[in-house]
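Trainee: I have this model open and would like to walk through it. Can we start with the terms and then go chain by chain?

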Amino acid sequence: MRALERFIRWVCRDLTYHRHYPATVELAHPDGSMDVTPDDAELRGFGLGTIRAQAGLPGTVAIGARGARCLVGFRGGDPERPYISAWSSGGLGSISIDGGVAGVSGLGDPLDVLLPPVLALSGVLNGFTQPPGAPPPPPIPTPPGGLPFSGTAVVAPGTVTAIVQAGNPKLLV
Amino acid sequence: MNDSALAKFIRFVMRDTRYHALYPCTVEAQAADGTLDLTPDDEAIRGTGLQAVPIRHGLPGVRVKVKQGARLLLGFEAGDPTRPFAALWEPGAIEEISIDGGTKPVARAGDAATCFWPPSVAVTGTTPVGAFVGTMTITSPAPAILAAGAPRFKA
């Protein structure tokens, strides 16, 4: 009976590659592939080189950092076709969605404000004007209804700053 | 050994392959460390449910908070019944997703922003009473909105 059991195990030996095995990322290559070392001594060998992750979202390319923990599976149960199937928390190298290369902004992040060198202005001034002189004379109020004004304002480059005030509270970066 | 007995024997020999499959289950609770208490649909593996099951994500660097009742698949690392993992979610399960330890909500096209002006802005122009040259102090921050974003990535 023991021999039969071993025979059945031998016949079904390819089932070894139906499992998903814990592994560690050793190196991420510029082309997005990674070298990983499985925990399982039977699978480990010299590690699995230049394998890619099947991402959990379409259009996504995910790369783990060195030391990232993951699961390795085999396409079609074929030991020649390993892939990374899932990830533990942490260990992010990068995520790109839809080929994106720009960083995502988050609440509180600064923004560059692009203003023209000279801003055209028009409107009505209400308040006080300060005549020149030393010592300064008393401020003069603008007439009732305001003082119509048209002209320009010069804003030095880089002097206007901005921050993001809102975002999706369920998606954090 | 008749066919039935042989089939039972083969089933017995290969019994560990039961843990090669992925099983639908329901989240009962999530612990502070992110692990889950799960109840599998399949009575054969349900028992009293599985506790402190780690999540394996489809992307690296991701942490999630999920709702009680969320539906997902349960698997077993290396086919080992003592090493369950949770993965592959049905829609509508999410409480919060954090990428790379992030704590700031993601901004989207159309979200609000605030502009802060320099202390003094040089102004020249005309008024009914003559030319005006001076400075302008804008004390109130100006509202703004994000004008663009990745069109295929929505949050």
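Mentor: Terms first: two strands pair if DSSP finds at least two bridges between them. Helices (H or I, at least four residues) and strands (E, at least two) are DSSP runs, numbered from the N terminus. This is a predicted model, in which local features need pLDDT of at least 70 and side-chain atom pairs count only at pLDDT 80 or more, while totals for chains, interfaces and linings use all residues. Residues are numbered from 1 along each chain as its sequence is written, and chains are lettered from A and ligands numbered from 1 in the order in which they are written.

Trainee: Ok, which strand of chain B does strand 13 of chain A join?

Mentor: Strand 9 of chain B; 4 bridges link it to strand 13 (residues 161-164) of chain A, and the two run antiparallel. Within that pairing, A:Thr161 has B:Phe116 as its bridge partner.

Trainee: And how many residues of chain B are in contact with chain A?

Mentor: 57 residues of chain B are in contact with 66 residues of chain A. Contact here means that the C-beta atoms of two residues, placed from the backbone, lie within 7 Å.

Trainee: Which element of chain B gives the largest share of that side?

Mentor: Strand 10 of chain B, with 7 residues. Elements supplying at least two residues each include helix 1 (3-13), strand 9 (112-116), strand 10 (121-127) and strand 11 (130-136) of chain B.

Trainee: What is the split into nonpolar, polar and charged there?

Mentor: The side of chain B that touches chain A has 31 nonpolar, 16 polar and 10 charged residues. Ala, Val, Leu, Ile, Met, Phe, Trp, Tyr, Cys and Pro count as nonpolar, Asp, Glu, Lys and Arg as charged, and the others, Gly among them, as polar.

Trainee: Switching to chain B as a whole. How many helices and strands?

Mentor: Chain B has 2 helices and 12 strands. From the N terminus on, the order is α-β-β-α-β-β-β-β-β-β-β-β-β-β.

Trainee: Where are the domains of chain B?

Mentor: Domain 1 covers 3-99 and domain 2 covers 105-155, with bounds from an automatic or database domain assignment. The C-alpha centres of these two domains of chain B lie 51 Å apart.

Trainee: What about the sheet in chain B, what is its strand order?

Mentor: The order is 3-2-1-5-6, an open sheet of 5 strands in chain B with antiparallel pairing. Strand 3 (50-53) and strand 6 (84-89) of chain B are the edges, each pairing on one side only. Strand 5 (residues 71-76) and strand 6 of chain B pair over 5 bridges in the antiparallel sense, and B:Leu72 has B:Trp89 as its bridge partner in strand 6.

Trainee: And in chain A, what order?

Mentor: Chain A also has an open sheet of 5 strands, with antiparallel pairing and the order 3-2-1-5-6. Its edge strands are strand 3 (48-51) and strand 6 (82-87) of chain A. Strand 2 (residues 34-38) of chain A is joined to strand 3 of chain A by 2 bridges, and A:Val36 stands opposite A:Leu48 in strand 3.
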